[in-house]
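Here's a quick tour for anyone meeting this structure for the first time. Have a look around, and then we'll pick out a few spots.

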Amino acid sequence: MTDIKQAILAGIPSELPPKKQYDTTVSHAPNRKDILTREEKKLAIKNALRYFPENLHSVLATEFAEELKEYGRIYMHRYRPDYEIKSRHFEDFPHKSKQAAGIMMMLSNNLDHAIAQHPHELITYGGNGAVFQNWAQYLLCMQLLAEMTDEQTLALYSGHPMGLFPSHKDAPRVVVTNGMMIPNYSKPDDWEKFNALGVTQYGQMTAGSFMYIGPQGIVHGTTITVLNASRKIDSTAKDMSGKIFVTAGLGGMSGAQPKAGVIAKGVCIVAEVNPEATYKRHEQGWVDEVYKNLDELIDRAVQARENKEAVSLAYDGNIVDLWERLVEREIHIELGSDQTSLHNPWAGGYYPVGMSFEDANDMMANNPEQFKEEVQKTLVRHTKAINTLSQRGMYFFDYGNAFLLEASRAGADILKENGDFKYSSYVQDIMGPMCFDYGFGPFRWVCASNTEKDLEITDKIAGEVLEELMKTAPKEIQLQLQDNINWIKAAGENKMVVGSEARILYADAEGRMKIAEAFNNAVASGVLSSPIILGRDHHDVSGTDSPYRETSNIYDGSQFTADMAIQNVIGDSFRGATWVSIHNGGGVGWGEVINGGFGMMLDGTKDSERRLKSMLFWDVNNGISRRSWARNKEANFAIKRAMEMDPNLKVTIPNFADDTLINKLNL
Ligand SMILES: NC(=O)c1ccc[n+]([C@@H]2O[C@H](COP(=O)([O-])OP(=O)(O)OC[C@H]3O[C@@H](n4cnc5c(N)ncnc54)[C@H](O)[C@@H]3O)[C@@H](O)[C@H]2O)c1
């Protein structure tokens, strides 16, 4: 047996392992604020000691007290394993259940140093998106997965493995809950407190559900967004060619914009105020050219548009300077957005115009009040330029970064007379009605063999399935299908795999089921060398209730409910998911969203075929039925089509009240 297998089977070592040095070459989570009272700190340490035999308590209690003081959390750094944690061939993990081995592979990928943002604090992305709270939970979870059979289910409470419980082979092997709180205890500081106590964690979306696949997901999502944004101004546009998209931000997620713009065949201009971020993205090949001179940049963009060239141009400077120069020169811009981190405006998410990056950082640290004023003045100018270009025909959308909210707080001219924002968000206008309401969402898969060869085969299979569906697709969904056919054909060349051999595309219920069935057949016939693990982002049709993002295009008041996400996870769990997860938190904050997902291993058996058909049908149509009930006409179309396909589906269809009747009522 390999050392890794032995180490996993040993679980939490019975002897005290040597203390670990703090590794400065690895990115670490910020130290969390000191939020616990003295009594609560004692409780946090007692809680942490539950994982260890009493003879080790005197050493560990002191050490955990130090960690709590230093980092604001107890990570149990001493227990971090010495072997490299990464995605491997699933059979390289010790196991009795193949499904459990697949789950070990996926969770290991989420902690791979090439993938995870702060791997030593078990954080995958988003600053706080945790896979586990501490290393004892990791070790115990891996050991239990290695021991479990297909007659058991592991209950994971916010990273804590509560244990293996007898179940049956059709049950999920793991049920994950992250950050589930009594609703009144779901404010940001509640996360700080209860996470420090070691009783809950922030799982973000795909971090705590083991389904994160690196930057590929965001590149694909951004590509789909800009393609569909092009159609807001040109309904038959095949792609973004001959259009200029202006935006800001070359950071974590925003750095995907130029790559997506080029994949969509357009001209993408991105302003980035931090030269380090700009040149890093340039070196990585995510942006083609960098300009310091605004006029040279603009001339290059206009020329590229004329030539229908696909190119990305970075402006090494402030976005407001760029927008204002475009206004002055009366340059027509087709598409505009913004991905500065305005969800965090006072601590470096958004930089004021008219000063250098260094001076702004200095002011932020030494004169935060003036910094705040400068940010707000900049937002007013930013909005004014966008308003002018929009009046001249630009289509502008909010990219889920709180631009509209912060601009309104700054007193910018961003509200209509009725108090609504002048512009829509990307989900309200694009993702919701053009994708989610039809069932199109971020379907993904991972090759359990972890080989490039298998991934290539799956790309080919998925492309063929989509092309077959295209032959009979109604016109309403043809463009969506075509985008994903183009994407999957170029996916290998675009070389976006980091970590496990994974792929993403957007498909509707029928597409997801047909692709999954074709994969299962290919596993059965030996065309694929080993099973395929299906999953999806939580940012999808049915998995997420989030009133300002995924469900922001629900207008019947139910956007503030979370029944859909809960129904979804329960429904997936008894229809054959290999694991399911439900989380509080995610991109928009603790208490602001409930989101869930699944993983499903396709091992080529008839059982797998039965499960995939049953579960994927529900996993998409649950959300479509709710969107249809909310009177979304695209979802109404999609659910009627789904009922025609399966006579066992009988969804309650809304009647539409006439507004003139309602408006006449004496209320
Ligand atoms: N991409 C998506 O699909 C998506 C979805 C939802 C929300 N978002 C939101 O997008 C925002 C960006 O995310 P991120 O991970 O890239 O954040 P990030 O902080 O890593 O990157 C933002 C970048 O904007 C730059 N910036 C700030 N002010 C600027 C200015 N005035 N001019 C030019 N550049 C400026 C910063 O230097 C930084 O590099 C977040 O608010 C996030 O929540 C993105």
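Is Y75 buried or exposed? With a relative accessibility of 6%, Y75 counts as buried, where buried means under 20% relative accessible area, exposed over 50% and partly exposed in between (1.4 Å probe, protein chains only).

## Before we go on

This is a predicted model, in which local features need pLDDT of at least 70 and side-chain atom pairs count only at pLDDT 80 or more, while totals for chains, interfaces and linings use all residues. Residues are numbered from 1 along each chain as its sequence is written, and side-chain values use heavy atoms, with hydrogens and water left out.

## Around Y75

Y75 sits in the loop between α3 (57–71) and α4; helices here are DSSP runs (H or I, at least four residues), numbered from the N terminus. Skip its neighbours within four places in sequence, and Y75 is in contact (heavy atoms within 4.5 Å) with A29, R32, E67, E121, Q133, N134 and W135. One of these, Q133, is 58 residues away in sequence, yet the two C-alpha atoms are 6.7 Å apart in space.

## Helix α4

Of the 14 residues of α4, 13 are buried, so the helix is largely enclosed by the rest of the structure. At its start, a side-chain oxygen of S97 comes within 3.3 Å of the backbone nitrogen of Q99.

## Where α7 meets α15

Helix α7 (residues 216–233) packs against helix α15 (residues 426–435) at about 95°, with axes 10 Å apart. The axes are lines fitted to C-alpha atoms over the stretch in contact, and angles run from 0 to 180 degrees between N-to-C directions. The two helices are therefore roughly perpendicular, a label for angles of 65 to 115 degrees.

On the α7 side, the contact includes G221, I224 and T225; on the α15 side, Y426 and D429 are among the residues taking part.

## D295 and two arginines

D295 belongs to helix α10 (residues 294–306) and is partly exposed, at 27% relative accessible area. Not counting residues up to four places away in sequence, D295 touches R325 and R329. Its side chain makes a polar contact of 2.8 Å with the side chain of R325, and another of 3.0 Å joins the side chains of D295 and R329. A polar contact is a pair of N or O atoms within 3.5 Å; within protein, one must be able to donate a hydrogen and the other to accept it, and residues adjacent in sequence count only if both atoms are side-chain atoms.

Methods. Parallel < 35°, antiparallel > 145°, perpendicular 65-115°, else oblique.
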